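User: I would like to learn how to read the features of a model like this one. Please give the general idea each time, then the case at hand.

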Amino acid sequence: MELRRAGRSGLLVSSVALGTMTWGRDTDEHEAAEQLSLFLDAGGTLIDTAASYGEGAAEALLGSLLAEVDRRDVVLCSKSGVRRTAHGTRVDASRATLLGTLDESLAALGTDHLDLWLVQWPDPDVPLEETLSALRHAVATGRTRYVGLSNHPAWYTGYAAAALAGDGTGLAAVQVEYSLLQREIEREVVPGAAALGAGVLAWSPLGRGVLTGKYRSTIPADSRAASPHLRGFVEPYLNDRCRGIVESVVTAAEGLGRTPLEVALAWVRDAPGVTSAIVGARTAAQLRGVLSAEDLELPPAIRRALDDVSAG
């Protein structure tokens, strides 16, 4: 698998990343172990998780599996800034919560450092400089090698990059949703990240699973859209506009003799500015389908056609 540099930083990551959002909840330890083995055997390095995934279950499961892996073979990325309260989860990017959660993540993952640590969501109730001070401290104390932002608007990214540049901390990456169904980041985030020297990590490149074509006629009983805790995650893309884009992907896949999944993933993976596409497979069989796209390079005419049908 191709290795790419995250922006202008020294961080090298695989062009496809293994996401763990379903681990410990919809993906059990046996499926997770097989996924990790398949991913590493394919040359993948970047593994993406978060303290909030499965209320900590994803990090705990990943940590147990990494005990059998050479730490130098993986690039660990985790996220902090979402905490559970008596009234549900809430965004909290305060210095205390970020650093406290980071220490809990390191313990769960069984490592003394992350390769990349991200603030998961912007917090309007915490001063920006306080959040950035936590990133600086994490790098200075060796808890993480690189830092970045997840799901933040372009203006915040610009502010953070400028603020962190002065002391050498730097902003290595931004993680944002990007697919043929969600191209909003092309307006400001992608060009902004390129100008600032940050790599783009694209989450949900398969349109939350919709671009695989599995929802064309019905909602499979074992799919995310049928899951009580993930139904709301998929529903925004089950509309007429998205169906039209899915049909175009299916047509392109048929013409190439490939699957819709492979076409949708290749479109994001090789899009301008993208460092890595993060794919979260529920099962090992699904991950095999993801890894099979490694040799697919979309012909320019098909890329242009998909650009046109998904624009706007």
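Analyst: Start with contact, which means heavy atoms within 4.5 Å. This is a predicted model, in which local features need pLDDT of at least 70 and side-chain atom pairs count only at pLDDT 80 or more, while totals for chains, interfaces and linings use all residues. Residues are numbered from 1 along each chain as its sequence is written, and side-chain values use heavy atoms, with hydrogens and water left out.

User: Which residues does Ser 80 touch, not counting those up to four places away in sequence?

Analyst: Ser 80 is in contact with Leu 98, Thr 101, Leu 102, Trp 117, Leu 118, Val 119 and Gln 120, once residues up to four places away in sequence are left aside. Helices (H or I, at least four residues) and strands (E, at least two) are DSSP runs, numbered from the N terminus; Ser 80 belongs to strand E5.

User: Is Ser 80 buried or exposed?

Analyst: Buried means under 20% relative accessible area, exposed over 50%, and partly exposed in between, with a 1.4 Å probe and protein chains only. Ser 80 has a relative accessible area of 1%, so it is buried.

User: Which side chain has a polar contact with that of Ser 80?

Analyst: A polar contact is a pair of N or O atoms within 3.5 Å; within protein, one must be able to donate a hydrogen and the other to accept it, and residues adjacent in sequence count only if both atoms are side-chain atoms. The side chain of Ser 80 makes such a contact, of 2.9 Å, with the side chain of Trp 117. Thr 20 sits in the loop between strand E3 (16-19) and helix H1 (29-41), and is buried at a relative accessible area of 1%.

User: How many residues does helix H3 have, and what does it reach from end to end?

Analyst: The expected span of a helix is 1.5 Å times one less than its number of residues. Helix H3 (residues 95-109) has 15 residues and reaches 21 Å from its first C-alpha to its last, close to the 21 Å expected. Just after H3, Gly 110 has a positive phi of about 70°.

User: What do the buried residues of H3 pack against?

Analyst: Those residues are Thr 97, Leu 98, Leu 99, Thr 101, Leu 102, Ser 105, Leu 106 and Leu 109. They pack against helices H2 (57-66) and H4 (128-140), and against strands E5 (75-80), E6 (82-85) and E8 (114-119).

User: Why is helix H9 said to be largely enclosed by the rest of the structure?

Analyst: In H9 (residues 260-269), 10 of the 10 residues are buried, so the helix is largely enclosed. Among them are Glu 262, Trp 267 and Arg 269.

User: How many salt bridges does a search of the whole structure find?

Analyst: A salt bridge is a side-chain nitrogen of Lys or Arg within 4 Å of a carboxyl oxygen of Asp or Glu. The search finds 19. One of these joins Glu 129 to Arg 136, with the closest N and O atoms 2.4 Å apart. Arg 136 also forms one with Asp 167, at 3.0 Å between the closest N and O atoms. Arg 136 lies in helix H4 and Asp 167 in the loop between helix H5 (154-165) and strand E10 (173-177), so this pair ties together parts 31 residues apart in sequence.

User: How are the strands around E10 paired?

Analyst: Two strands pair if DSSP finds at least two bridges between them. Strand E9 (residues 144-150) pairs with E10 in the parallel sense over 3 bridges, and Ser 150 has Gln 175 as its bridge partner in E10. E10 and E11 are also parallel, over 5 bridges, and Val 176 is opposite Ala 202 in E11.

User: Which residues lie on the two faces of E10?

Analyst: Ala 173, Gln 175 and Glu 177 are on one side and Val 174 and Val 176 on the other, all of them buried.
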